[in-house]
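I opened the notebook to record what I looked up, one topic at a time. The entries are in the order of my reading.

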Amino acid sequence: MHTHSATPPTPKRNETLASRTPPPQLQSLLSAMTSLQSFLAAKPVAAGWAAGARSAAPQSRRARASACLAAPPPPPTTAASVGPARRELSAASRAVVEDEARYLVGTYKRSRVVFEYGRGCKLYDTDGREYLDMSSGIAVTALGHADPDVCATITEQSSKIVHVSNVFYTTPQMELAKRLVKVSFADRAFFASTGTEANEAAIKFSRKFQRVAHPDSDDPPMEFLAFSSSFHGRTMGAVALTSKSQYREPFAPVMPGVTFVDYGDLEAAKKFIQSGRVAAVFVEPVQGEGGIHSATQEFLQGLRDACDEVGALLVFDELQCGFGRTGYLWAHEAFGVEPDIMTLAKPLANGIPIGVVLVKEKVAAAINYGDHGTTFGGGPLACQTSITVFDKIMKPGFLAEVSKKGENFKQLLRTKLSGNLHVKEVRGVGLLVGIELDVPAGPLVDACLDAGVIVLTAGKGNVVRLVPPLIISEKELAHAADVIRDCLPALDVATA
């Protein structure tokens with residue numbers, strides 16, 4: 001057998017490949033194929049399968065040969081041909097994107113979509129496209145979008161009073177504080193406007209507590225222990241407790257006196273706590289931003305015991321994992337370990353900004369008038385809205401449903417994604433779920449968005465974070481799992 005490697009002649013100007021006369025051997029082959037197609041066309045193939053009729057008789061060899069000859073060749077696999085087509089923005093949406101680039105500080109790498117309104121677990125962009133929201137505004141809209149009771153509360157309260165400052169008393173703030181204290185370890189509450197503000201307050205409360213606890217010392221415990229993959233906020237104290245260096249280093253020097261050990265490494269944590277220099281230990285019972293990692297009962301109980309031995313405070317940051325997200329009202333309830341301080345924020349008012357610090361009496365007793373304050377924290381609108389959210393989440397069966405849906409969703413993902421070489425693990429608690437990949441998750445997140453499902457990243461960018469509204473249905477979760485599975489080829493294209 002001889003092989004030919006000669007390069008075919010280049011077409012002359014104005015000559016197309018289709019207009020050129022093929023060589024004799026190719027003419028013979030084309031003639032034979034045409035004759036075979038003509039012969040097979042004399043006996044048309046029944047269209048039952050093509051029409052979806054499962055009861056049609058199996059195709060004959062002749063019919064299958066005809067179908068193969070008639071079928072066009074498969075398109076080449078490219079980024080454009082895997083998954084959904086890229087969304088094209090309308091002129092109005094492009095104008096918003098351009099205005100953002102012109103008028104806002106560039107702190108966010110935004111997805112190219114402009115949302116206009118939402119209903120339940122669905123969001124709709126300005127171009128009329130529908131999206132299933134598996135992000136909840138980063139674990140905020142626990143009751144979904146435009147919840148009727150939340151909307152009614154906002155309308156009613158805003159027509160009464162929105163703001164008066166904390167120089168005066170307001171009923172919603174007192175009512176919300178009572179509700180939170182009654183269902184938690186805490187004796188008192190302090191209200192802020194955001195999660196990072198809540199953590200800043202917890203930092204100050206911890207240091208003030210230690211000064212009061214060591215009145216004769218010129219050097220009371222003032223340091224903090226935090227953990228790898230932690231995220232506690234972006235203000236100067238909270239960011240100092242956040243392990244990712246890219247959040248801290250551009251703003252150095254941040255608050256000094258913070259030591260990090262590996263999340264879950266109890267022996268390393270105990271060694272540092274026993275130094276006697278620690279004012280407080282900050283830990284997330286379940287890490288969200290860090291990659292959906294859950295603590296163990298042994299780890300949290302060991303931290304509790306070590307803190308008690310030396311008089312350090314134990315602070316649970318439940319900004320993302322608290323208030324029903326895990327299927328428990330508080331994430332730490334699953335471990336049977338109580339903190340001295342707990343910080344809350346994201347889902348409390350379903351999108352209206354609010355943060356809370358819950359503390360035991362021994363911590364509250366160390367705080368005097370003027371030690372801390374806030375302009376907007378605990379305002380009537382935010383607190384009344386939070387009362388509505390609280391009352392709905394506390395309805396019998398609500399949290400049990402969150403737990404059930406979360407377990408079913410994880411099993412569904414494990415089944416549908418099994419066999420894909422990029423998927424390393426599906427993990428999480430309740431409706432705080434992560435899919436760890438062996439490659440960056442960005443291409444998959446983008447493909448899902450183009451397919452109408454909103455997901456997030458976490459960890460080192462290799463974890464898909466799924467934090468849908470707590471009211472999401474099993475049907476919607478199944479749809480999300482299908483879309484994620486169907487979009488997995490985007491990872492192959494990105495790594496090709």
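Among contacts in the chain between residues at least 6 apart in sequence, what percentage joins residues at least 24 apart? I found 70%. I note here that the model is predicted.

**Entry: the chain as a whole**

I looked up the helices and strands and found 17 helices and 17 strands in the chain. The chain has 496 residues, and 45% of them are buried.

**Entry: the cavity**

Rolling a probe the size of a water molecule over the atoms shows where empty space is left. I wrote down the residues that line the largest cavity: Gln 210, Pro 221, Ile 273, Gly 276, Arg 277, Val 278, Val 310, Gly 311 and Ala 312. Sorted by class, the lining has 5 nonpolar, 3 polar and 1 charged residues.

**Entry: the second largest pocket**

Next I looked up the second largest pocket and noted a volume of about 1,000 Å³. There are 34 residues in the lining of this pocket, and the closest to its centre are Asn 166, Gln 173, Ala 189, Phe 190 and Tyr 369. Which elements each supply at least two residues of this lining? I found α6 (171-182), β4 (188-192) and β12 (355-359). The largest share, 4 residues, comes from β4. By class, I noted 17 nonpolar, 14 polar and 3 charged residues in the lining of the second largest pocket.

**Entry: aromatic rings**

A pair of aromatic rings is described by the distance of the centres and the angle of the planes. How many aromatic pairs does a search of the whole structure find? The search finds 10. I looked at two of the pairs in detail.

One of them is Tyr 117 with Tyr 124, a stacked pair with 4.8 Å centre to centre and 15 degrees between the planes. Tyr 117 has a relative accessible area of 39%, so I list Tyr 117 as partly exposed. Tyr 124 is at 16% relative accessibility, so Tyr 124 counts as buried.

Another pair is Phe 231 with Tyr 247, with ring centres 5.4 Å apart. Why is this pair edge-to-face? The planes stand at 75 degrees, and the cut-off for edge-to-face is over 60. I then looked up where the two residues lie. Phe 231 is in the loop between β5 (223-227) and α8 (236-240), and Tyr 247 is in helix α9 (residues 245-248). The pair therefore ties together parts that are 16 residues apart in sequence. Tyr 247 is at 15% relative accessibility and counts as buried.

I also noted one aromatic cluster, formed by Phe 227, Tyr 263 and Phe 299.

**Entry: Glu 401**

Last, I looked up Glu 401 and found this residue in helix α14 (residues 398-417). Is Glu 401 buried or partly exposed? With a relative accessible area of 37%, Glu 401 is partly exposed. I also looked up the separation between the C-alpha atoms of Glu 401 and Ser 473, which is 9.9 Å. Along the chain, Glu 401 and Ser 473 are 72 residues apart.

Terms used:
Residues numbered from 1 in each chain as written. Predicted model: local features only at pLDDT ≥ 70, side-chain atom pairs only at ≥ 80, totals over all residues. Heavy atoms only, no water. 1 Å grid on protein atoms, 1.4 Å probe; cavity = no way out; pocket = protein on both sides within 12 Å on 5 of 7 lines; lining within 4 Å. Nonpolar A, V, L, I, M, F, W, Y, C, P; charged D, E, K, R; others polar. Buried < 20%, exposed > 50% of the residue type's maximum accessible area, 1.4 Å probe, protein only. Contact = heavy atoms within 4.5 Å. Phe/Tyr/Trp six-rings, centres within 6.5 Å; stacked < 30°, edge-to-face > 60°. Points joined across faces, edges and corners; volume = space filled by probe spheres on them.
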